[in-house]
Amino acid sequence: CKKGDRCYWAHGEAELRKGGDAELLKKRVIAECVAEARSDADTGSCAYPQALVVRLALRFEDKLDDMLANMAEAGLPASADKRTTVKALMRLCHPDKC
């Protein structure tokens, strides 16, 4: 990789699971979710933001306190008011129910 030590992308399955500090591992997981969401969107099953919300929610379901921050780091809508952020994310998943 051209970025060397500054790269947080995983370059294979083994690299996703190997050691590293928690921040680096979190960035790798987010990058993996982004790639999977793009793939989902490319197949036409849903829009990219919808796929990303679902992928991140499933991946970080055991870390609820960090979930909104992780979603914001992945580029999804975020605001200072958590309620507004959650409503925006819910609209991405279920636009017909909000």
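Me: Let's start with Arg55 and Asp40. What do their side chains meet in?
Reply: A salt bridge, at 2.9 Å from N to O. Keep in mind that this is a predicted model.

Me: Which helices do those two sit in?
Reply: Arg55 is in helix α3 and Asp40 is in helix α2, so the pair ties together parts that are 15 residues apart in sequence.

Me: And is Asp40 buried or exposed?
Reply: Buried, because its relative accessibility is 19% and the cut-off for buried is under 20%. Arg55 is partly exposed, with a relative accessible area of 29%.

Me: What else is Asp40 in contact with, leaving aside neighbours within four places in sequence?
Reply: Besides Arg55, Asp40 contacts Ser45, Cys46 and Ala51.

Me: Back to charges. How many salt bridges turn up in the whole structure?
Reply: Five. One of them joins Glu32 and Arg59, at 2.8 Å from N to O. Glu32 lies in helix α2 and Arg59 in helix α3, so that pair links parts 27 residues apart in sequence.

Me: How accessible are Glu32 and Arg59?
Reply: Glu32 counts as buried at 14% relative accessibility, while Arg59 is partly exposed at 27%.

Me: Which residues do salt bridges with shared partners join into one network?
Reply: Glu32, Glu36, Asp40, Arg55 and Arg59.

Me: OK, what about Glu73? Which residue does it form a salt bridge with?
Reply: Lys26, with the closest N and O atoms 3.3 Å apart. Glu73 is in helix α4 and Lys26 in helix α2, so this pair ties together parts that are 47 residues apart in sequence. Glu73 itself is partly exposed, with a relative accessible area of 37%.

Me: Switching topic: which residues touch the most other members in the largest nonpolar core?
Reply: That core has 15 residues, and Ile30, Leu52, Leu56, Phe60, Met71 and Leu76 touch the most other members. The elements giving two or more residues to this core are α2, α3 and α4.

Me: Which element gives the largest share?
Reply: α2, with five residues.

Me: Why would nonpolar side chains gather like that?
Reply: In soluble globular proteins, nonpolar side chains tend to be buried together.

Me: Last one: what does Leu76 contact, leaving aside neighbours within four places in sequence?
Reply: Pro49, Leu52, Val53, Leu56, Met71, Leu89 and Leu92.

Conventions: Residues numbered from 1 in each chain as written. Predicted model: local features only at pLDDT ≥ 70, side-chain atom pairs only at ≥ 80, totals over all residues. Heavy atoms only, no water. Contact = heavy atoms within 4.5 Å. Core = buried A, V, L, I, M, F, W, Y, C linked by side-chain atoms within 4.5 Å. Buried < 20%, exposed > 50% of the residue type's maximum accessible area, 1.4 Å probe, protein only. Helix = DSSP H or I, 4+ residues; strand = E, 2+ residues; numbered from the N terminus. Salt bridge = Lys/Arg side-chain N within 4 Å of Asp/Glu carboxyl O.
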